[in-house]
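Here is a short tour of one protein model and the molecule it holds. Have a look at the structure first, then read on.

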Amino acid sequence: MPTPTEAPDSRTGRRRFLRFGAALSGALTACKTTNTAPAEPAETSSLGKPLTAYGERSPFEKPERLVVSGKNPEIGATRTPLQNSYGIITPSSLHFERHHSGVPQIDPAAHRLLIHGMVERPLIFTMDDILRLPSVSRIHFIECAGNSGSEWGPKTAPDVQRAHGLASCSEWTGVPLPILLAEAGVKPGASWLIAEGADACHMSRSVPLKRVADDVLVAYGQNGEAIRPSQGYPLRLVIPGFEGNTNVKWLRRIKVVGEPVMTKDETSKYTDLMADGTARQFTFEMEGKSVITFPSGGQKLAGAGLYEIAGLAWSGRGRIERVEISTDDGKTWQNAKLDEPRLRMAFTRFRLPWKWDGQPSSLQSRSTDETGYVQPAREALVAVRGMNSGFHNNCITIWKVSADGGVTNV
Ligand SMILES: Nc1nc2c(c(=O)[nH]1)N[C@H]1C(S)=C(S)[C@@H](COP(=O)(O)O)O[C@H]1N2
Ligand SMILES: [Mo]
């Protein structure tokens, strides 16, 4: 005899619904049962606030970026509160920031983009010149190469914001770079470009021209409005999947060249020192990664019962194909449900209902991207990379849940 949860229904969607229903039943012990209707709230008997021209969030909502800077408040980074995010888009006001010399205040009417070097026609674009060109909007993450650097150990960051908050995901709008390059006419023999920012550090990176062919954007839009000053207003490079540093903000110059120019930002920094003393250079792609954002470090579960394990996965090499979750120290793994859309080089939201039995537990997630690349355990990553470099750490994060519901990074 089929049990009620195994009803022989050909529509698999219905079967799944029934199973999920069974998992839910009797689990919501946290909710109070009642027969009396709640009292009419005070705000239903008077007018609310007036209309406003530019929106703001509810004063009851507190998520904030975490500011980390040294003796110069202009230089440093802020980290996105991933533990408070829903879905895959990071609100612009919570997108992480990384500035090497502060945020320049640029008047778009005065801003210029120069394209020169190995081109037929060196060109200067105004913002108006750029805004009239064919454009595209795409959702992509940006992740600093230094993200998750704390997770090399032995000490790890206490929460997901400190550990992994140098990653955010926005919808970017701009002109595909090939359109601008075609206007200038790239000369034969050209193979790299140098992108330079208009801030005081003149952030400059060499980027292989073959990578530019498909999806690199010269972007002016973020989540439906102009890019925020922190994100490069009025113009930035977006190179989907490449380490954050190459996504040059306040973009003012693109020089087409025949070889990389070895700027300060790709020699003294943003190279990976290996165990044998040699260094990897131009490690552009951010490797596949995932992290559980709930329950995560610093949070406290209210008691045994039903929860949704939720998190984010992304890969600099394409789409996320699979996220597996283990709740038993890695002994067994189950596939999480992946939200649609699953976009290339974008955050993917994953979820799994979980009935916590109130016993000490460990939660971890492991992503697989469309190239088949599987996110490594910390030991496996260290075996390949050594411990000399803080960059490009994409290992599995393990959150420990204690019997009192407290969650810590181990
Ligand atoms: N001009 C300029 N571009 C820059 C930087 C900078 O300091 N100056 N920081 C880079 C680094 S290290 C990163 S991780 C990303 C961060 O982008 P975001 O601040 O929009 O998150 O921008 C990159 N582009
Ligand atoms: Mo960065």
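Which strand gives the most to the shell around ligand 1? That is strand E3 (residues 97-99), with three residues; strands here are DSSP runs of at least two residues (E), helices are runs of at least four (H or I), and they are numbered from the N terminus. This is a predicted model, in which local features need pLDDT of at least 70 and side-chain atom pairs count only at pLDDT 80 or more, while totals for chains, interfaces and linings use all residues. Residues are numbered from 1 along each chain as its sequence is written, chains are lettered from A and ligands numbered from 1 in the order in which they are written, and side-chain values use heavy atoms, with hydrogens and water left out.

**Around ligand 1**
- Of the 20 residues around ligand 1 (a heavy atom within 4 Å), Phe-96, His-100, Asp-199, Arg-236 and Lys-249 come nearest.
- A polar side-chain atom of His-100 lies 2.7 Å from an oxygen atom of ligand 1, while for Gln-231 the distance is 3.1 Å and for His-95 it is 3.3 Å.
- The protein covers 100% of the 540 Å² of accessible area (Shrake-Rupley method, 1.4 Å probe) that ligand 1 has on its own.

**Cis peptide bonds**
- Gly-153 and Pro-154 are joined by a cis peptide bond with omega about 5 degrees, and Pro-154 is in the loop between strand E6 (136-143) and helix H3 (160-164).
- Another cis bond runs from Tyr-233 to Pro-234, with omega near 10 degrees; Pro-234 is in the loop between strands E11 (225-226) and E12 (236-238).

**Positive phi without glycine**
- Tyr-270 is not a glycine, yet it has a positive phi of about 60 degrees.
- Tyr-270 belongs to the loop between strands E13 (251-257) and E14 (272-273), and it counts as buried at 5% relative accessibility (buried means under 20% relative accessible area, exposed over 50%, partly exposed in between, with a 1.4 Å probe and protein chains only).
- Phe-282, also not a glycine, has a positive phi of about 55 degrees; its place is the loop between strands E15 (279-280) and E16 (289-294), and it is buried at 18%.

**Asp-272 and its neighbours**
- Asp-272 lies in strand E14 and is buried, with a relative accessible area of 0%.
- The side chains of Asp-272 and Thr-283 make a polar contact at 2.8 Å (N or O atoms within 3.5 Å; within protein, one must be able to donate a hydrogen and the other to accept it, and residues adjacent in sequence count only if both atoms are side-chain atoms).
- Leaving out residues up to four places away in sequence, Asp-272 touches several residues (heavy atoms within 4.5 Å), among them Arg-280, Arg-385 and His-392.
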